[in-house]
Amino acid sequence: MDDQYMNVVMGIIMNAGNAKGLAHEALEAAKKDDFEKADQFMTQSNQALSEAHHIQSDMLTKEAQGEHTEVNLYMVHAQDHLMTAITYQDLIKEFIALYKKNVSES
């Protein structure tokens, strides 16, 4: 396993982790009815998630072009982080919408 491979793995893990953390910050802001800040955190979360997804897409493109990527526990762990971040972000978006609705109905 070379440095380039670990850079791909760590790029996915770090960006997915950042996306999840920023989404959580957005939720915390929404709990305080600070929807402007929540939107800012979600924008940052989307940017981090896009970067993680871009790294994954590059890897998939290379695979499609015949450049095989070794799949080991590190890569499985990275993909797990990415999928968890996507799911978490989707749920946080729904929670924020509920908080906004609750405030507007008050």
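V76 lies in helix α3, which spans residues 73–105, helices here being DSSP runs of H or I with at least four residues, numbered from the N terminus. The model is a predicted one, in which local features need pLDDT of at least 70 and side-chain atom pairs count only at pLDDT 80 or more, while totals for chains, interfaces and linings use all residues. Residues are numbered from 1 along each chain as its sequence is written, and side-chain values use heavy atoms, with hydrogens and water left out.

- V76 counts as partly exposed because its relative accessibility is 45%, where buried means under 20% relative accessible area, exposed means over 50%, and partly exposed lies in between (1.4 Å probe, protein chains only).

**Salt bridges**

- Two salt bridges are counted under the rule that a side-chain nitrogen of Lys or Arg lies within 4 Å of a carboxyl oxygen of Asp or Glu.
- One of them joins the side chains of E28 and K31, at 3.2 Å from N to O, and both residues belong to helix α1, three residues apart, or about one turn of the helix.
- E28 is partly exposed, with a relative accessible area of 28%, and K31 is also partly exposed, at 45% relative accessibility.
- D39 forms a salt bridge with K100, with the closest N and O atoms 3.4 Å apart; D39 lies in helix α2 and K100 in helix α3, so this pair ties together parts that are 61 residues apart in sequence.
- D39 is partly exposed at 37% relative accessibility, and K100 is partly exposed with a relative accessible area of 33%.

- Q56 has its place in helix α2 (residues 35–64) and is buried, with a relative accessible area of 13%.
- Leaving aside residues up to four places away in sequence, Q56 touches I12, Q79 and L82, a contact meaning heavy atoms within 4.5 Å.
- S45 lies in helix α2 and is buried, with a relative accessible area of 0%; with residues up to four places away in sequence again not counted, S45 touches A19, L22, A23 and Q89.

**Loop between α1 and α2**

- D33 is found in the loop between α1 and α2, and its phi is near 60°, a positive value in a residue other than glycine.
- Most residues other than glycine have a negative phi.
- D33 is partly exposed, with a relative accessible area of 45%.

**Largest pocket**

- The largest pocket is lined by 13 residues, and Q4, Y5, V8, E67 and T69 are those nearest its centre.
- Helices α1 (3–31) and α2 each supply at least two residues of the lining, and the largest share, four residues, comes from α2.

Terms used
On a 1 Å grid over the protein atoms alone, a cavity is a set of points where a 1.4 Å probe fits but cannot get out, and a pocket is an open set with protein on both sides within 12 Å along at least five of seven lines; lining residues have an atom within 4 Å of a point.
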